[in-house]
Amino acid sequence: KIYNTVQIGNRCWMKENLDVGTMINGNTNQVDNGLIEKYCYKDSTSNCDMYGGLYQWTEAMQYTTQEISQGICPPGWHIPSYFDFQTLAADVAQDGNALKAVGQASGNDTSGFSTLFVGYRHENGSFVYRGIEGAFWSSTEINTTFSYYISLASYTSRIYFNTGNKAQGFSIRCIKDE
C-alpha cells in the first residue's frame, strides 16, 4: 500500500492510518506469532479499507519496548514517541481541529494530518466511539500494562495526551526517521 504524507513543522507524517496485517476478530488478543495482526472496527474489513487497522501496543511495537521503534511501520519510519506527539501539538498551536479531517466535527485540517474518528477496540474486545474519537499509540511505554497515546474527539478542539491499557486497539500513524 502507498501512503500519502504530510510535512508538519520539521517532521514528515503519514497522512493516513496504517493498515497492515491480517484481520483477527476483536474478541481475540494479538499475539507474537510472526504475523502482523490487526483489528478492523466491528470486525469488518471495509472499515480497515476506509480507516486503517487498530493495533494493541505490543503488536504495533512488534514486541519490543524500545521507544522510537520501527514496529509495524515500513522501513525508514517509526512509531511516534510521546515527544513526537507533543511536538506535533506544538506545531499546530495545540489546536486539535487543525489535525481533524474536514467533516469530522469542527475539523478544518489546516495541518493536513486528516484524523478520522475511527474509534477503537476496548481491552474487553468491544469496539467503541467510531464517529466520536480517534486515538493513536505512541512508542513511549509507562510500564508493562500502560503506554501513552493521543486522542482527538468530536466534542472539543483539545488534543488529549492519555495513558492507555496496552490491550486496547488504537490507530497507528508513522513518522519518518530523521
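1. The model is predicted: local features need pLDDT of at least 70, side-chain atom pairs count only at pLDDT 80 or more, and totals for chains, interfaces and linings use all residues. Residues are numbered from 1 along each chain as its sequence is written, and side-chain values use heavy atoms, without hydrogens or water.

2. Sheet. Three strands form an open, antiparallel sheet in the order E8-E9-E10. Strands (E, at least two residues) and helices (H or I, at least four) are DSSP runs, numbered from the N terminus. Two strands pair if DSSP finds at least two bridges between them. E8 and E10 (159-165) stand at the edges with a single partner strand each, so one side of each lacks a neighbour in the sheet. The twist averages 35° from one strand to the next, with axes fitted to C-alpha atoms and angles from 0 to 180 degrees between N-to-C directions.

3. Pairing. Seven bridges join E9 (146-153) to E10. Ser151 has Tyr160 as its bridge partner in E10.

4. Loop residues. Ala105 and Asp109 both lie in the loop between H3 and E6. Phi is positive in each: near 55° for Ala105 and near 50° for Asp109. Most residues other than glycine have a negative phi. Ala105 is partly exposed at 47% relative accessible area; Asp109 is buried at 17%. Buried means under 20%, exposed over 50%, partly exposed in between (1.4 Å probe, protein chains only).

5. Tyr129. This residue sits in the loop between E7 (127-128) and E8 (133-141). Tyr129 is partly exposed, at 39% relative accessible area.
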